[in-house]
Amino acid sequence: MESRWDDGDASRCEGDDLALRVYTSRLLGQEEALVLHGGGNTSVKSVYKDFFDRPVPVLYVKGSGWDLKTIEMPGFAPLRLDETRLLAERESLSDDDMAAQLRNLLLDQTAPAPSVEAILHAILPAKFVDHTHTDAIVTLTNNPKGSAILADLFPDCLVLPYIMPGFVLARQVAEAVKTHDVSQYQGIVLSHHGVFTFSNDARLAYEGMIELVSRAEAYIERHGAHEHPKAEGRLDLLGLARIRRQVSAARGRAQLAVVDLSPQMAGFAGRPDVAEIATRGPITPDHVIRTKRVPVILDQEVQPAVPEVERFASDYAEYFQRNATAGLTMLDPAPRWGVWRGRGALAFGSSLKECGVISDIARHTQWAIQVGEALGGWQALPEAELFELEYWVLEQAKLGKQGKAKPHQGKVAVVTGAAGGIGRATGERLHADGAVVVGLDIDPSVEERLAGDGLVGRTCDVTDEAQVSQAIDDVVAAYGGLDILVCNAGVFQAGDKVHEIASADWDRTLEVNLTAVQRLLSRAIPYLKCAVGASVVVVGSRNVTAPGAGAASYSVSKAGLTQLARVAALELAEFGVRVNTIHPDAVFDTGLWTEEALERSARRYGMSVDEYKKKNLLRAEIGSDDVAQLISTLAGDAFAATTGAQLPIDGGSDRVI
Ligand code: ZN
């Protein structure tokens, strides 16, 4: 590992301890092999000027919820240094008391909660303290020969056995500081946990970390443990959707499933011994709250019921029974990641962000496990220690901050005709309600109009079977399944009386509004059958129940579409797939209506534009957002017992009623 120190960047922080602390913290954060997603923490001891301009010795320590990669000055919690040190003198301190006391010692009440390792930072006798959970060193400790390897490799470090992080770890280090002159050490290596380096000089603390890690990396290379089998990842889309459905059932809500088919992961998943080595435990207990103790091992060929997931859940319940103390409630028994034999790996989560974190940890975990195997046998901590951390209040509190789930959280939706009007509004609504959404449209502007984390626009001609097929497959490959399908794309042919319609116009309207939907459904149905709360919403038209003269092809196509939806509702009910139709009318904020067209129509009725827009029983003005809201609700739990229904959204029409 190379030092990323840059004299120019560092000189801009001169004279400002906290600025320098931010700088080297970010250097550590940039290195995935050192810290992953909020792991690790850093501190600096300095002087704080209080309200009365009096100097107070302070420990600025990383606040929880901040990531070293992106941390800024407000990410450091300023603690009264002397009193924080005094806490380490206590015989014992409960988690609640520690959190409360640290909060009391904050010099700024708006600061984030200090790291659970704050006391440890306070007692180390150096200005700058750097702490990481570096893969290379922790991997060496997950080995039967771990102690010997560490003694050999780090004679200049204090090596301590694993102990629970938080107050007990601070106490352990406090004892060591009393009996050893810690300043003569290059660092402290904590088995199964990580490394501390420290110095009065920011650069020395940082580069000390890089040096220790490089030593471990060199050891791994020297022993040929860094080369692992590679293979080509292979996907089975239907199998993936089945796995996702089972995992969602175990979790009690919809989960995304993101695959990793990289040559490294596929190589790991292809090892004959993968089931045995992947289930011995994680790199560090710190990962357990994100990934659980072990992944689920999935057979290469997936059965419809995926019994592996059920087995995982019952094993998890037994693990809980074996280790639980009175008063604990079991967390959900769903796996967070899976090794799919001969194919690759899967990360399960309620959001793409959660899947990304898990996927990254899984990637580092397979590397560490294979290194461990090559060095004499991967050996994680005993499950009792891992359990203790998984159910540790302070760790659980990190997850609690994620807030309440949205109605479509973890679901995957496809909306056609999504570049504007009802389609675009529906895509945005479903996304705001928690779903990952892919919007299709023949108009390439959909790609800019729908853009965000989990909101994707894709150019696709719904009348082109190959394009539609590819789009659906890509959605399943990217997110693990398809739960909500909104068939909205349509064309409107104005003024076409029955005897005047050009054949090409008739054919085109029926092709887009009717035939394309049948083709789309036929492609989506195999996945919808293994979806979570599957729902199809078809956008019909008021013209179905109350047609007008001069829109023959449109009215006929939408009537056919409504009948198609009714038949689909009958055929799919046994698989739990609901199919409902909405009949909007007078939605004027869509591409179909221009100002001139509105004025022309209003004049025809002898009305103002405003009167014309509300030409319905309720005198309601209906916008695309209102229709989108109805579609999202119809796709959700409120309508879980409704299928084959037709719902008008037209402000009320005496012709329909
Ligand atoms: Zn740590």
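## An aromatic cluster

F320 and Y391 are both buried (under 20% relative accessible area, with a 1.4 Å probe and protein chains only). This is a predicted model, where local features need pLDDT of at least 70 and side-chain atom pairs count only at pLDDT 80 or more. Residues are numbered from 1 along each chain.

The rings of F320 and Y391 form a tilted pair, 5.4 Å centre to centre with 55° between the planes. Rings of Phe, Tyr and Trp (its six-membered ring) pair if their centres lie within 6.5 Å; planes under 30 degrees apart are stacked, over 60 edge-to-face, and the rest tilted. F320 sits in helix α14 and Y391 in the loop between α16 (383-390) and α17 (393-400), so the pair ties together parts 71 residues apart in sequence. Helices here are DSSP runs (H or I, at least four residues), and strands are too (E, at least two), numbered from the N terminus.

Y316, Y319, F320, F387 and Y391 make up one aromatic cluster. Y316 is buried, at 5% relative accessible area, and so is Y319, at 2%.

## Two sides of helix α7

Which residues of α7 (residues 146-153) are buried? They are G146, I149, L150 and L153. They cover an arc of only 95° around the axis (taken from the directions from the helix axis to the C-beta atoms), so they lie on the same side of α7.

On the other side, S147, A148, A151 and D152 are exposed (over 50% relative accessible area, with partly exposed in between).

Conventions:
Heavy atoms only, no water.
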